[in-house]
Amino acid sequence: MHAYERQIREYLPACEQEERDQQLMLQYLRLFPKTIGTRQCEIGHMTASSLIFNEDRGKLLMVYHNIYRSWSWTGGHADGETDLLLTAMREAKEETGIKEVRPIFCKAQSLDILPVWGHFKRGRYVSSHQHLNLTYFLEADEEEVLKVKADENSGVVWIPLGELAKRVTEREMLPVYEKLLGRMQEKR
């Protein structure tokens, strides 16, 4: 069994959306077993994201995403990495400049197929495609030095949970964030 398949099958869907997305992800894996973990599979590929909480779970570390023009979670392409938690942790560090990040839970907290509209990146057009995404909860120290990753974002900041809906302008992501924040509340 492929490492991605194992991670997707081990995920226990908590709603109909996740059940359906899980089945569709498994179909993608059957159709594109060799390229699904890379951007070579241009219609859809594996990604991992994270919500990065502070220690008291009252704030999220977010980036201002240049393409989406919105405050956003961190995350990115697996690019061949088969452990999606490691992908989420790598992306969290790269996009925020933090040095230390810890998983709150080692298992994914959400499974979503997210549409990505066509856009230009590094001077090249990237066609619309799907991100087959697993999301993780991470924790970082609020005292860590933050650093913008200029080719991807133009801001990095801790946002109080109560301000999230005011800051996120990518409205289709709010239900995803709300689902995840609800899950964190359930686990507290």
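## Contacts around Y4

Two residues are in contact here when they have heavy atoms within 4.5 Å of each other. By that rule, and leaving out residues up to four places away in sequence, Y4 touches L29, I36, G37, M46, A78, G80, E81, T82 and L84. This is a predicted model, in which local features need pLDDT of at least 70 and side-chain atom pairs count only at pLDDT 80 or more, while totals for chains, interfaces and linings use all residues. Residues are numbered from 1 along each chain as its sequence is written, and side-chain values use heavy atoms, with hydrogens and water left out.

Where does Y4 sit? Its place is in helix α1 (residues 3-10); helices (H or I, at least four residues) and strands (E, at least two) are DSSP runs, numbered from the N terminus. Y4 is buried, with a relative accessible area of 2%. For that label, buried means under 20% relative accessible area, exposed over 50%, and partly exposed in between (1.4 Å probe, protein chains only). One of the contacts of Y4, I36, is 32 residues apart from Y4 along the chain, and their C-alpha atoms are separated by 9.0 Å.

How many of the 11 residues of strand β9 are buried? The number is 10, so this strand (residues 129-139) is largely enclosed by the rest of the structure.

Strands count as paired if DSSP finds at least two bridges between them. Strand β1 (residues 44-53) runs parallel to β9, joined by 10 bridges, and S50 stands opposite Y136 in β9. Strand β6 (residues 110-116) runs antiparallel to β9, with seven bridges; here D112 has N133 of β9 as its bridge partner. Strand β5 (residues 102-103) also pairs with β9 in the antiparallel sense, over two bridges, and R102 stands opposite E139.

## Helix α5

Helix α5 (residues 174-187) has 14 residues and should span 20 Å at 1.5 Å a residue, which agrees with its end C-alpha atoms being 20 Å apart. The expected span is 1.5 Å times one less than the number of residues. Among the buried residues of α5 are L174, Y177, L181 and M184, and K179 and R183 are on that list too.

## Two loop residues with positive phi

R69 has a phi near 50°, a positive value in a residue other than glycine. It is found in the loop between β2 (59-65) and β3 (70-72), and it is exposed, with a relative accessible area of 61%.

D79 is not a glycine either, and its phi is positive at about 50°. This residue is in the loop between β4 (74-77) and α3 (84-96). Is D79 buried or partly exposed? D79 is partly exposed, with a relative accessible area of 42%.
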